[in-house]
Amino acid sequence: MSAPIILGIESTCDETAAAIVQGDTLRSNVVASSMAEHARYGGVIPEIASRAHQQAFVPVVSKALADARLELADVDAIAVSAGPGLAGCLAVGVSGAKALAWAAGKPIYGVNHVIGHVAVTQLQFGAIPPNTMALIVSGGHTSLLHVKDIARDVTVVGTTLDDAAGECFDKVARLLGFPYPGGPYIDRHAQRGNPEAVKVPQGLTQGRAGKEHPYDFSFSGVKTAVARWVEQRQATGQEIPVDDVCASLAHSVAQVLARKAIGGCVANGSDTLIVGGGFSANSQLRAQLLLEGQAAGVEVRLPRVALCTDNGAMVAMLGSNLVDAGVSPSSLDFSIDSSM
Ligand code: KG4
Ligand code: ZN
């Protein structure tokens, strides 16, 4: 018997996306982004994103089906991100997915977007070993997860107490005059700078109450420290060494993320670290993870960038895992959960 055909739908932030996964094959993957509409505001505007989802939903899902040469009737189950994300954005994707499921009589799964970032790596690296750790970092999330079983047992080991790492980069980038999203500009300039030039604190290296939460992160102080340093130089008419500022920021953030992620693997006896989310495109983080992973005997799974950013494949792949594991579908009245 051939593997079930899963339609995955994603609308947590500024990407309207749909994909078809069958077993470990990605049959189609369509992403429409409203990023260009947000750029001039320096951040995602929820109202604009929700309207864009509402416009893009039907064309994106239709194209995902057409690219896979399928009709809705051929699909075995629908999976949709139910959280975390912007409430108005989630509501569009979930309502659309429910309408499709109801009309076509298909089972539907409301899934966790962050766990989808972990699941999608199976398309590149194959099955996720039991007892795996995952570091998911983007403009919206920074989470360290313990993945005992992708379908049934994923726990949060650490998370950011304030800004996400990508958000911190975007805020500093704005200060330096780069367009939104500025993370990739920081990455490029950091490659030419001196990482020791500016003293940047490492976000919450000890955990919030001494050793109680050793895997939590905090990046708002990092952003403030860089901002203060830049402003002081501006006030005294000194030039800003942009490359050095970027290198110092990138070095500090990469170090704390890698140390806690690899430290979490060692503490949990895990020899695999999965990495995902848009920020995992960052070259300083990639290099630091590979370095520390090698030293600790941990295999670091760094997917290609197209799989790291938000897409429908991550949702479809997680849906496929749930179907395979025999997990019951959601009822049609399930709710979105923006802080899931
Ligand atoms: O996952 P994603 O596409 O969207 C969400 O935030 O959900 O991640 C985008 C974030 C932005 O903050 C962007 O600046 C950051 O990831 N980013 C990077 C790089 N590429 C994307 N940050 C640092 N270095 C990069 N190369
Ligand atoms: Zn994401």
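I call a residue near a molecule if its C-beta atom, placed from the backbone, lies within 6 Å of it. With that cut-off I find 20 residues around ligand 1, and the closest are Ser138, Gly139, Gly166, Gly183 and Gly278.

Housekeeping before going on. I am looking at a predicted model, where local features need pLDDT of at least 70, side-chain atom pairs count only at pLDDT 80 or more, and totals for chains, interfaces and linings use all residues. Residues are numbered from 1 along each chain as its sequence is written, while chains are lettered from A and ligands numbered from 1 in the order in which they are written.

**Ligand shell.** I looked up which elements build the shell; helices here are DSSP runs (H or I, at least four residues), strands likewise (E, at least two), numbered from the N terminus. Helix H6 (165-175) and helix H7 (183-190) each supply at least two residues, and H7 has the largest share with four. By class I get seven nonpolar, ten polar and three charged residues in the shell. Nonpolar means Ala, Val, Leu, Ile, Met, Phe, Trp, Tyr, Cys and Pro; charged means Asp, Glu, Lys and Arg; the others, Gly among them, are polar.

**H6 against H7.** I get an angle of about 75° between H6 and H7, with their axes 8 Å apart. Axes are lines fitted to C-alpha atoms, for helices over the stretch in contact, and angles run from 0 to 180 degrees between N-to-C directions. H6 and H7 are therefore roughly perpendicular, a label for 65 to 115 degrees. From H6, Gly166, Phe169, Asp170, Val172 and Ala173 meet Gly183, Tyr185 and Ile186 of H7; contact here means C-beta atoms, placed from the backbone, within 7 Å. That contact divides into five nonpolar, two polar and one charged residue.

**Domains.** The domain assignment, automatic or from a database, gives domain 1 (5-120 + 311-324) and domain 2 (128-306). I note 27 Å between their centres, taken over C-alpha atoms. Twelve residues of domain 1 are in contact with 16 of domain 2. On the domain 1 side, helix H4 (113-119) and helix H12 (312-324) give two or more residues each, and H4 gives the most, with five.

**Sheet.** I trace an open, mixed sheet of five strands in the order E8-E7-E6-E9-E10; strands pair if DSSP finds at least two bridges between them. Strand E8 (153-159) and strand E10 (299-301) have a single partner strand each, so one side of each is left without a neighbour in the sheet.

Definitions and conventions
Parallel < 35°, antiparallel > 145°, perpendicular 65-115°, else oblique. Contact = placed C-beta atoms within 7 Å.
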